[in-house]
Amino acid sequence: MNKNELKPASVFRQFAKINTIPRPSKHEEKMIDFLKGWGESHGLETKVDETGNVIIRKPASKGYEDRKTVTLQSHMDMVCDKLVDVDFDFNSDAIQTYVDGGWLKAKGTTLGADDGIGCAIELAILEADDIEHGPLECVFTRDEETGLSGAEGMKSGFMTGDYLINLDSEDEGEIFVSCAGGRNTTAKFSFVRVEAPAGSFFLSAQLKGLTGGHSGDDINKKRANAIKLLGRFLFQTMNRYDGVRLAQFHAGKLHNAIPRDGRFVIAVPNGLKENIKADWNVFSAQVEDEFHVTDTQMVWSMESTDPEPVIEDKVARNFVWAIQAVDNGIYAICQDPELNGMVETSSNIAAIHSSESELNILSSQRSNVMSNLDNMCATIVATFQLAGAEAWSSDGYPAWKMRAESQLRDTVVNCYKELFGKEPVVRGIHAGLECGLFSERYPQLDMVSFGPTLRDVHTPDERLYIPTVQMVWDHLLLVLKNI
């Protein structure tokens, strides 16, 4: 199969166009201009709100004028991540895609199918003249990936639909009816730099090649976190030997991704450098065995580097002890039997970067129970405050609670059974969806979320399972006909 043979052709044609348009979160101006121009050039009512969300409306097809309005919704921004040795500028370069068996992938970067494929499905429906449907409005929100600020900034009345289908899910055959709320917790250690003890030898250590993944949807897969592993080694080393000083710590990029790589620089007494190198080799072998199922491509290195001023010892130790202590991973499992053991509450230590005078830490917490989200954030804040850092949590976004009765859900399930002869899975998701914010602004909206199968989103291994795009397309068209 080559890219010209992908089906449905109209969807993949739109997706190819979208992937030529730079659209990092918070920098979606080119995508907004493209969507606005696209809608107007097709003679469709097109509006852009003050936040930058775009809506394109399409009248009902003949004979369906009396149907209720359906809103289709996806987000226009993408997570921008790449392999460390790939030269790529997300602000100007087009995503380079290729077919690998049944999967569509990108060359060394995120693919942008989260949620570019949802946008492509919407554009293909807007363009088609042979689809049976009632009144439609297609919404493209901005900045979903870094805080859902597009949905947050949308005012009541921008959308007018009775039903909303969110196209930002990643498992074909699963119909999502609830999602987690989320908040970010930030911490900052302030320090002064000092000269390393006399006779120090400097070592630079790097870990890369971890699997990473989405900090919500993949948090239950027991994948390694580069920050926790590097912090663990530093904790063991600074407990074992006197005179070890921290100069740099850098790991992770995005609040919603499990960090795949990181590095630190330390000064060690000259007589201990061989001991610490040996400890690094032992530690790496132990960790590779520990994560031999989930992270099979770990790459470890440690080498000498140039001297530099180090972080004052008390702050460095407090930082390392906090990284060792802070919660990371699953905190609680949903008790509601209808959610079938889904993760309820979790935390991800996502990114740390040192500067001349600060260590800045970014983490994200998620929960379907808002009181437990508050508790999880408080736990992270308390850990860093006890270590002497400033720490605070953002306002975040709400959970989307499952409706007891939903005509849209019933229609979506029945159409799936009619098409494929089997029951879809109806469930919640531990990731955040914009449906949570929509449920506050538009409490009358009956909503579901579904989409084609994606894997390893928020990483350069992101891939789209091609056959499921046709399945979702067929399913969506039948829903629009029968709603």
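How much space lies in the second largest cavity? About 90 Å³ lies there, a cavity being a set of points on a 1 Å grid over the protein atoms alone where a 1.4 Å probe fits but cannot get out, with points joined across faces, edges and corners and the volume taken as the space filled by probe spheres set on them. The model is predicted, so that local features need pLDDT of at least 70 and side-chain atom pairs count only at pLDDT 80 or more, whereas totals for chains, interfaces and linings use all residues. Residues are numbered from 1 along each chain as its sequence is written, and side-chain values use heavy atoms, with hydrogens and water left out.

The lining of this second cavity (residues with an atom within 4 Å of a point) includes Asp 81, Lys 253, Arg 260, Asp 261 and His 458, and it divides into 5 nonpolar, 3 polar and 4 charged residues. The search of the whole structure finds 5 cavities of 30 Å³ or more. In the largest, about 160 Å³ of space is found; Glu 144, Glu 145, His 214, Ala 431 and Gly 432 are the closest to its centre among 19 lining residues.

Technical notes: 1 Å grid on protein atoms, 1.4 Å probe; cavity = no way out; pocket = protein on both sides within 12 Å on 5 of 7 lines; lining within 4 Å. Nonpolar A, V, L, I, M, F, W, Y, C, P; charged D, E, K, R; others polar.
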